[in-house]
Structure formats: structure tokens, C-alpha cells
Amino acid sequence: MTTLDSPVESVEAVLRDTGRAVRRAMLDAIPDGEPHDWLYGPVRDYPMRAGKAIRPALCIAACCSFGGEQSDALPLAVSIELMHNAFLIHDDIADGSEQRRGKPTLPETAGTAIALNAGDALAVVSQQVLRRHLRTLDRDLAERVHAEFDTMAMRTLEGQATELGWRRDHTGDLTPEDYLDLIMHKTCWYTTIHPLRVGALIGARGDVDLRPMVRFGFHLGAAFQIQDDVLNLTGDEEQYGKEINGDLYEGKRTLPLIHLMANATGADRATVDSYIAMDREQRSADIVGAMRSMMDAYGSIDFTLEYARGIASEAYDAFDAAFASAAPSAHRDFVRDLIPYMLNRRG
């Protein structure tokens, strides 16, 4: 019988090892000349901070599961992680976030303009790393990998645009299905689907059916994002690495908020409607505290946790289909173990 108990220690050991290797490779890829204080120093800031390393670890594990070696996938994993760090800087600017990986965000320390430029530079370096690796592949495989990167970038930007649009237009009439469509684009494609697909593509030298990776990557990425929504409300700030209740200040349409919007009644509903109509700078600690308390009262967090368990349970069948042609291995086991890990992580 399948359980959602997670082998946390073994998963985190792989993530730590992968994170160290990828951070070294990212820093090697980033120029370290002038102007250092205004560009290359800020560009190196986020890559120097230890992140979760889920994306590069998935890419490498998928590659090795389908017959490749870590060295085959490492450049792709580095390119993915560099682009991830670029997205993080831009997200922190758009969201007005104060903390990232346990430290002040780059916009807080360097200012918006320099942070924006650093994010752009990371995206450029990511593409440099990718292009250098594609030159080592045969033409057809290189074109397929490049197309995967293009698709990932556009899906992510579409998701980000949708989230920002909901916030700008004070959209409140949303369902869990709307939320799943959002995170399919904004989170799942570049967090799980893309790393899985390009890793398997490289490992199998193009001889693999990538279609089942979409369903598996969706369920795995959704479990990751839903848990992130909960941690933003209930987590330990030191472990989580970002400010608690930051999503509420920003007005992000997370699953707990969507549940609350659909279920609040009477005076509570009026408070929710008032909150939705506000811009970030208007949301005081009192209004955010009231929203957080209502989430407990209406069972929004319990609903979200149960929803996440359902999503994760579906991921097991999706995994079996996606990895049906992969021989048993520690790499394959690691990918499967990520399913419960997504629900049990604390940071």
C-alpha cells in the first residue's frame, strides 16, 4: 500500500550534494570582473545562497534514470538553476518581498534598478551555458532540447502574467481549478515538468516518450507549490527562508485564500472583499492578521493540506507511467521519493 511517509534524510542528502555541485558550476559560469559592485557582485548573490536544488536534482536524476550520466545533464541543470535565480530576483521585485533564502532580498540590499539588471544578466548567463552545451549534441537532439527551454520560459511567463493580472485587477471569483491552471504554468512547468523532460531527453539520447512527464511533473509540482502556500502561513521563518504571511501581504491567490474567498460569509465576507480590493501597501498587519485568523476559522489550511495529499497520491500512478521504461536505480527511487518529500518539507 502506498504511503505518504517521506524518506526525508535520503532526499535531502541528494539535494545537498546536487546543490553544492550546481552552485560551484553557476559561479564558475558568471563573470567576476568589472563592474563588480554594480553588476557581477549582485549577479552572484542569489547563486551563492543555498537553495532547495529540486530543479537541478530532478534534471540529473531523470537523465541518469534513462541511461545517462550526471555529467551529461549538469550543464542543463546549471542553466535551469541560473534561470530560476533570474526569475527569483524578478519575483522579489514584483512582489515587494523582503527575504529570500533567509537573507534580505537583492532589491532590498541593492535597490530595484540594480536587482532588475542582475536578474537580466542571470538570464543571459543561463542561455550562454545552454548554448555551449547544445553545441556538443547532435543537431536534432540539440533542437529538441532548445525547444524545451523555449516552451518552459513561455509557460512560466504566462503563469506569472496571470498571477500579476489577478492581483492588479483584484480578481476574487476563483476556483481550485483556476489555481491549478495557474500553477501548471507558473510553477510546475519550470520546477518539475521541464527538468524531468530535458533530463530524460538527454539520458535517453532522444529515445523516450516525454508525454507522460507532463502529468507526473504537474502532480509533483502542484504538491510542491501547495505545500509552499501552507508554509508561507504556518512555517518557521528560519527554515522557510522567506517572511511568514508574505503571500497575504502580496495578495497572492493561493489555495488557502481561494478557499476562504469561496466560504467566508457575513462580516467576514466583507473583510475578505475589502482585502481583495486593496493594493499591497494598503494591507496593514491588522488586516493580514484578520485574514490569517479567518483561514483557521473556515478550515482553509486543513482543506489545502488535504487537497495536497490528494494531488500527491495521484502522482504515484503518474510516476509509474512516466518512468515505465526506466530501469530500477537509486536515481529513479530518488524521483519517486520526492513525491512524499514535497508534502513533508519545512523549507
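This report describes the overall build of one protein and then its helix α1.

The model is predicted: local features need pLDDT of at least 70, side-chain atom pairs count only at pLDDT 80 or more, and totals for chains, interfaces and linings use all residues. Residues are numbered from 1 along each chain as its sequence is written, and side-chain values use heavy atoms, leaving out hydrogens and water.

**Overall build**

The protein has 16 helices and two strands. Both are DSSP runs, numbered from the N terminus: helices are H or I with at least four residues, strands are E with at least two. A compact globule of 347 residues would have a radius of gyration near 20 Å, and the protein agrees, with 20 Å. That radius is taken over C-alpha atoms, and the globule rule is 2.2 Å times the number of residues to the power 0.38.

| Property | Value |
|---|---|
| Span of the C-alpha trace along the principal axes | about 65 × 55 × 35 Å |
| Buried share of the 347 residues | 54% |

Buried means under 20% relative accessible area (1.4 Å probe, protein chains only).

**Helix α1**

Helix α1 covers residues 8-29, which is 22 residues. From first C-alpha to last it reaches 31 Å, close to the 32 Å expected at 1.5 Å a residue. The expected span is 1.5 Å times one less than the number of residues.

Among the buried residues of α1 are Val11, Leu15, Thr18 and Val22. In an α-helix, residues three or four places apart point the same way, because there are 3.6 residues a turn. The buried residues of α1 pack against α2 (36-48), α3 (54-65), α4 (70-95), α6 (112-134) and α16 (330-344). Contact here means heavy atoms within 4.5 Å.

Note on methods. Buried means under 20% relative accessible area, exposed over 50%, partly exposed in between (1.4 Å probe, protein chains only).
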